Amino acid sequence: MTALDQPRSLIPGPLSTLQRIRNLGTESWIMLAGIVSLCAALLALLVMPLYSLLSKAVEDDKGAFVGLANFQEYFSSAGLVQSIGNSLTIAGLTMVIACVLAFIFAYGITRSCMPFKRTFRALATIPILAPSLLPAISLIYLLGNQGMIKGLLFGETIYGPIGIMIGMIFYIFPHVLMIMVTALSTTDARLYEAAEVLGAGPVRIFFTVTIPGAIYGIVSAAVIAFTLTITDFGVPKVIGGQYNVLATDIYKQVIGQQNFSMGAVVGLVLLLPAMFSFVIDRHVKKKQVALLSARAVPYHPKPHKVRDRALLAFCVLMSLFLIGILGTAAFASLVTFWPYDLSLTLAHYDFDAVDPNGWSSFYNSLKMASFTAVVGVVVIFLGAYFVEKGRGFGRLRSGFHMLAMLPMAVPGLVLGLAYIFFFSRPENPLSVMYSTMTILVLCTIVHFYTVSHLTMLTALKQIDKEFESVSASLKVPFYKTMLRVHVPICLPTISEVMMYLFVNAMTTVSAVVFIYSPDTKLAAISVLNMDDVGDTAEASAMAMIIVLTSVTAKLLHGLIMKSFTARHSAWRQRTG
Amino acid sequence: MTTQYLGKIGSSVLGVVLAGMCLGNVAKAGDLIVYTAVEPEELTGFAKAFEATNPDIKIKWVRDSTGIMTAKLLAEGKNTRADIIWGLAATSLLLLKDAGILEPYAPKGVEKLDKLFVDGDSPPSWVGQRAWIASICVNTVEAKAKNLPIPKSWADLTKPVYKGHIVMPNPASSGTGFLDVSSWLQMWGEEKAWKFMDDLHKNIGVYTHSGSKPCKMAGKGEFPIGVSFAYKGAQLKAKGAPVLTVAPTEGVGWDLESFALVKGAKNAAAAKKFADWSVTRETNVIYNQAYAVVAYPGVAKPVKFFPADLSKKMIKNDFLWAAKNRKRILAEWKKRYDSKSLPKKK
């Protein structure tokens, strides 16, 4: 929802545009230039590549138009079509299981009096710090044919749907939990009081008050779970065995067979569920906002021995699962030769010995993630500022906002594929960026744009509009007010967004796997390649290096923010 | 007041970024871009050896499995960034020769090599470096624990006792996988070979992306038997893994790791130097550290832990036939085995 307070009469018609442009002051020129260049950037980095992808799907290898022939070929290939069913099955089951687990976990955090709530919350973010290849590798050590606890599978194999689902649950848990926690926190205590006064028992209250109150959040969480699962490629690549899914099909078609047209077709097939989930999510979010009343009273849980203990036990088990997966990867990276020589060694961290790119891929990742965080946050802040606080150009601003929402609906694999088609064409002047670090940075910013944009927008919305009115009447140009008022106030959010971009840039594989070059190979891609040739211990070691980097960045960020808020944001305490 | 701190934060962030830039390596115009399918752990050694005699040239490896590299080169065609293709299967280079991507060149001293290793045209389009040979890696500890007899032949692998215990590389992505399939077809003819693969398929746990992974998995006992190549098994054994490398009685498939120059390469001069270096006796000595059969006559010494009679079991390999039929074979293989999606129970 954009807060565009532009009166309809001011939206220029074609005739008055010229006049208006003539009457623009310097300040408006700057703003116009800003919005136009941001729109142009998203058009060039998102819309046009997607268009290339679409057109590739109706072309043959030589680039001649073939209509729907590729689609026909796709739907006549039993194996490829079966992947659709496999993907839907996996995503559906994972969605249900992950949502149930996350709901109970979130219920413990928000609606019980169990101890260690903050610790549980912190532990639940572990998976965000790792590439999705990590849980899959760990699962092989835990439940593979030589697994430490393979008895738990009762003879079933981990290479296939079971492995994919367990790995995915680990990987998506924090994302689903975050939404569940929000959904269960925003409730009105008065409803519970009323229900109790009317004599409803706890079970009845749960089904008539708790669930309906959180239902939009639950739907939203389910949608996220579904989309993340169906679009992730790291987990099924490592542990999927012969169980093909859409995400691995794209990779096989494009990297394995260099069949770009068929890759484009599978990409479009994958785009459908992602787009569909996106629409549902948007719809639900709108309703959710309308549900909250301004007079709501926060809910405070009362102690309840049995419930609290049960929830504590559950949260402990779930946390053990998360820690266990991470711990297994750490262990795998340190053991000399699993399972015959269990002595510990750091030899697997000598990446240069097994891969000519070795450690340089880690430095590339560090560089890419830093650039993404710094460049990304500037662009995203400006974009959100123009949308929320800009004056005039209503259509352009809401147009930009819509563009900024689009990346959410585009899976990383599809984005990366679209980049190949768009940027590798020699006739495209932007092709100079192809196979450079720049394209990896831009692709990653676009990939994670929407969430950052929305976060920034929320922060800006909380700033009183009076600032702009006052500075306008004092004839202070907008950019001065922006730098002196908005940027400092939004600093916590700005650093949040930087953190989000940095960690995602460190861990992402899906988009960049199609566009890296020998000079710009990234750490997460090394994990993938080392696992491909069977150097599992080295792959775990590189994944652990990524985790350690993310953790270090998070800790540094936390420290800086803590000292910063303590010293400079005393005013925040009073306003709340 | 706040702006000061903003400045500080800004400059420290910039510092991190600059530090990051210095850490990353920047591509230079003089870099030699080499597309290769050689095992990654060998590449650093080769680059060091070459750069020691040619300090002005820096090698940039682009490495993936044979099938991937072949597909990539076919797709990139004349727009490829590669200056030289090095250590790719001769079967694949024949395809690339047909596609008109290769630049014929006779490296200095190529006449000293065994004729069988070099393209018949003059100047040759491709030059073989060394042969890599199929083998079966068996984990002796796990075989004992699971009461599995050590397989002696390809046919043994189809016995029901091995169900779920065998891994093999996917021939579409792995050169080793392809030379296996190609050798079975050449030895036994289409009908018998596909029948064999149907039976083998029932025993396969997973198909892997690369040709070395089956042997590494066998080494860890994850799957006790891996269809792979001899070098990997010998190397793992040398590292202490309980791996026995078996050369099946019927005969083993093989292919030549070979190099070829690329038409219109940006760095053609450096590519030629690298080609010249690749046929020298010294370089062949390095090849021999891992592979038992190399192009330079009289260099090869037996490699430790290789099956003793391995080179005698090498089949009479028709590269031309393999190259010509590659697309058809892979399509048939994928149709039969790749789309079967339900994982096999143990």
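How many residues of domain 1 of chain B are in contact with domain 2 of chain B, and how many of domain 2 are in contact in return? In this predicted model, 17 residues of domain 1 of chain B meet 21 residues of domain 2 of chain B.

## Domains of chain B

Now take the side of domain 1 of chain B that touches domain 2 of chain B. Helices α3 (66-76) and α4 (90-98) of chain B each supply at least two of its residues. The largest share comes from α4(B), with four residues. By class, this side of domain 1 of chain B has eleven nonpolar, four polar and two charged residues.

## Chain B as a whole

Chain B contains 13 helices and eleven strands. It has 346 residues, and 51% of them count as buried. Its contacts reach across the sequence. Among contacts in chain B between residues at least 6 apart in sequence, 76% join residues at least 24 apart.

## Domains of chain A

Chain A is also assigned a domain 1 and a domain 2. Domain 1 of chain A is built from 29-51 + 354-576. Domain 2 of chain A is 77-311. Their C-alpha centres lie 24 Å apart.

Here 25 residues of domain 1 of chain A are in contact with 23 residues of domain 2 of chain A. On the domain 1 side, α16 (412-423), α20 (478-507), α21 (523-532) and α22 (536-568) of chain A each give at least two residues. The largest share of that side, eight residues, belongs to α22(A). The classes on the domain 1 side are 18 nonpolar, six polar and one charged.

## Where chain A touches chain B

The contact between the chains draws 47 residues from chain A and 53 residues from chain B. Which helices of chain A each supply at least two residues of the side that touches chain B? They are α4 (78-111), α11 (246-256), α14 (360-389) and α20 of chain A. Helix α14(A) gives the most, with eight residues.

By class, the side of chain A that touches chain B has 19 nonpolar, 20 polar and eight charged residues.

## A helix pair in chain A

Two packed helices are described by the angle between their axes and the distance between the axes. Consider α16(A) and α17 (residues 437-447) of chain A. They pack at an angle of about 140°, with their axes 11 Å apart. α16(A) is therefore oblique to α17(A). The crossing of α16(A) past α17(A) is right-handed.

Which residues make this contact? From α16(A) come G412(A), L415(A), G416(A), Y419(A) and F423(A). They meet I439(A), C443(A), V446(A) and H447(A) in α17(A). The residues of this contact divide into six nonpolar, three polar and no charged.

Methods:
Residues numbered from 1 in each chain as written. Chains lettered and ligands numbered in written order. Predicted model: local features only at pLDDT ≥ 70, side-chain atom pairs only at ≥ 80, totals over all residues. Contact = placed C-beta atoms within 7 Å. Nonpolar A, V, L, I, M, F, W, Y, C, P; charged D, E, K, R; others polar. Domains from an automatic or database assignment. Buried ≥ 20, exposed ≤ 12 C-beta atoms within 10 Å, placed from the backbone. Axes fitted to C-alpha atoms, helices over the stretch in contact; angles between N-to-C directions. Parallel < 35°, antiparallel > 145°, perpendicular 65-115°, else oblique. Left-handed = near helix turned anticlockwise from the far one by under 90°.
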